[in-house]
Amino acid sequence: ETGKSGPQTSTPAEHARTEELNRQMSNGLYASPALLNGQQPGGLKRAEAESRKRAAAYRKSVDAYQKAAEHYKTEMQRHREAEERYQEEMRRYRRQYPNAGTNTGH
C-alpha cells in the first residue's frame, strides 16, 4: 500500500547527535537549526551571544520566580499566624461569654 510506512527510527549517529543537542539545551546553550546544519557560516559567535543572552534572561526569570515564591511563602505564613490568633481569640471570647450570641427570646 502506498503512503503507509512504519515508525521513523534514528540511526545511532542521529540518536547520539540528538542527545548532544538535548544536553546543550539543558545547559542553556542554543544554536539555530541553520547554524547546526552548517548553513550559516560565521554565525557561531552570534549564536553564542544569543545563547548567553537567553541564558541570562532565563536566570533572571528563575530569580524572579524564586523571589515571588519566597514572598508567597512568607505571606502564607503570616496569614496562618493571623488565623491562629483569630481562632484563639474566638475560643477565649466563647469561654469568657458562653451565652454570647444565643437568643433567649427576651
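Arg 95 and Glu 88 meet through their side chains in a salt bridge, at 3.6 Å from N to O. Here a salt bridge means a side-chain nitrogen of Lys or Arg within 4 Å of a carboxyl oxygen of Asp or Glu. The model is predicted, so local features need pLDDT of at least 70 and side-chain atom pairs count only at pLDDT 80 or more, while totals for chains, interfaces and linings use all residues. Residues are numbered from 1 along each chain as its sequence is written, and side-chain values use heavy atoms, with hydrogens and water left out.

Stay with Glu 88. Its side chain also meets that of Arg 91 in a salt bridge, at 3.0 Å from N to O. Glu 88 and Arg 91 sit three residues apart in helix H3, which puts about one helical turn between them.

Arg 95 is exposed, at 55%. Arg 91 is partly exposed, at 39%. Glu 88 is partly exposed as well, at 28%.

Now move to another pair in the helix. Arg 54 forms a salt bridge with Glu 50, and their closest N and O atoms are 3.5 Å apart. Both residues lie in helix H3, which covers residues 44–96. They are four residues apart, about one turn of the helix. Arg 54 is partly exposed, with a relative accessible area of 42%. Glu 50 is partly exposed too, at 34%. In total, the structure holds four salt bridges.

Step back to the whole protein. It has three helices and zero strands. Read from the N terminus, the elements run α-α-α. Helices (H or I, at least four residues) and strands (E, at least two) are DSSP runs, numbered from the N terminus.

The surface comes last. Of the protein's 106 residues, 6% count as buried. The accessible surface comes to about 9800 Å². Carbon and sulfur atoms account for 53% of that surface. These areas come from the Shrake-Rupley method with a 1.4 Å probe; for residues, only the protein chains shown count as cover.

Conventions:
Buried means under 20% relative accessible area, exposed over 50%, partly exposed in between (1.4 Å probe, protein chains only).
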